[in-house]
Amino acid sequence: MPLYDCLLLLKPHVQQAALLDLVARVGSHVYRRNGVLTDIKSFGKIYLGYGIKKLDGRYYQGQLTQMTMMVTPNFNKELHYLNKEDRLLRWLLVRHRDIGYGRQWPLDDDGKGELRKLSGSGLYNVKDDEDEDDDEEEYEVEENKE
């Protein structure tokens, strides 16, 4: 089962108990589908880059929570009940990519280290013979001795 992040952006005035209730509902839905909830992070109140318009007004702040879970790929279709949740401004489900992090990433020899192929030839290291200008030879100035 792949690893997913579920980001929940709630309205700023939602109480902590209501937030925990929503997280518990999503978590129990994960467990019912034989998934595993691996991590929950709360980022607290955040300021948004633009206002999100809802029926009861426009919101420029929100409470952001991230839930990391291992679920089946069709789990995204099962979360559409969150669209009807009035405490929620936005929700997003993002799949983790197979990327190594930390110190061991450049040392992996599993073929994913594409950066090593580019180490010898960079974009700005290309040297063309046509672009070499010998300014000294072209612009020799003859001095007149009078």
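Reply: Start with the elements: helices are DSSP runs of H or I with at least four residues, strands are runs of E with at least two, and both are numbered from the N terminus. By that rule, this predicted model has three helices and four strands. Along the sequence they follow the pattern β-α-β-β-α-β-α.

Me: What makes residues 135–138 count as helix 3?
Reply: A helix needs a run of at least four residues, and helix 3 covers residues 135–138. Helix 3 also has the lowest mean pLDDT among the elements, 60, whereas strand 3 has the highest, 95. Where pLDDT is low, the predicted coordinates should not be read in detail. For the protein, the mean is 81, and 66% of residues reach 70 or more.

Me: Why is Leu-8 called buried?
Reply: Buried means under 20% relative accessible area. Leu-8 has 0% relative accessibility, so Leu-8 counts as buried. Leu-8 sits in strand 1. Buried residues make up 28% of the 146 residues in the protein.

Me: Which residues does Leu-8 touch, leaving out those up to four places away in sequence?
Reply: Among them are Leu-22, Val-23, Met-67, Leu-82 and Trp-91. Leu-8 and Trp-91 are 83 residues apart along the chain, yet their C-alpha atoms are separated by 4.6 Å.

Me: Why is Gln-66 called buried?
Reply: Its relative accessible area is 12%, and the cut-off is under 20%, so Gln-66 is buried. Gln-66 is found in strand 3.

Me: How do you know that Gln-66 and Asp-5 make a polar contact?
Reply: The pair of N or O atoms must lie within 3.5 Å, one able to donate a hydrogen and the other to accept it. The side chains of Gln-66 and Asp-5 are joined at 3.1 Å, as a polar contact. Beyond its neighbours within four places in sequence, Gln-66 is also in contact with residues including Cys-6, Asp-39 and Phe-43.

Terms used
Residues numbered from 1 in each chain as written. Predicted model: local features only at pLDDT ≥ 70, side-chain atom pairs only at ≥ 80, totals over all residues. Heavy atoms only, no water. Buried < 20%, exposed > 50% of the residue type's maximum accessible area, 1.4 Å probe, protein only. Contact = heavy atoms within 4.5 Å. pLDDT = per-residue confidence, 0-100.
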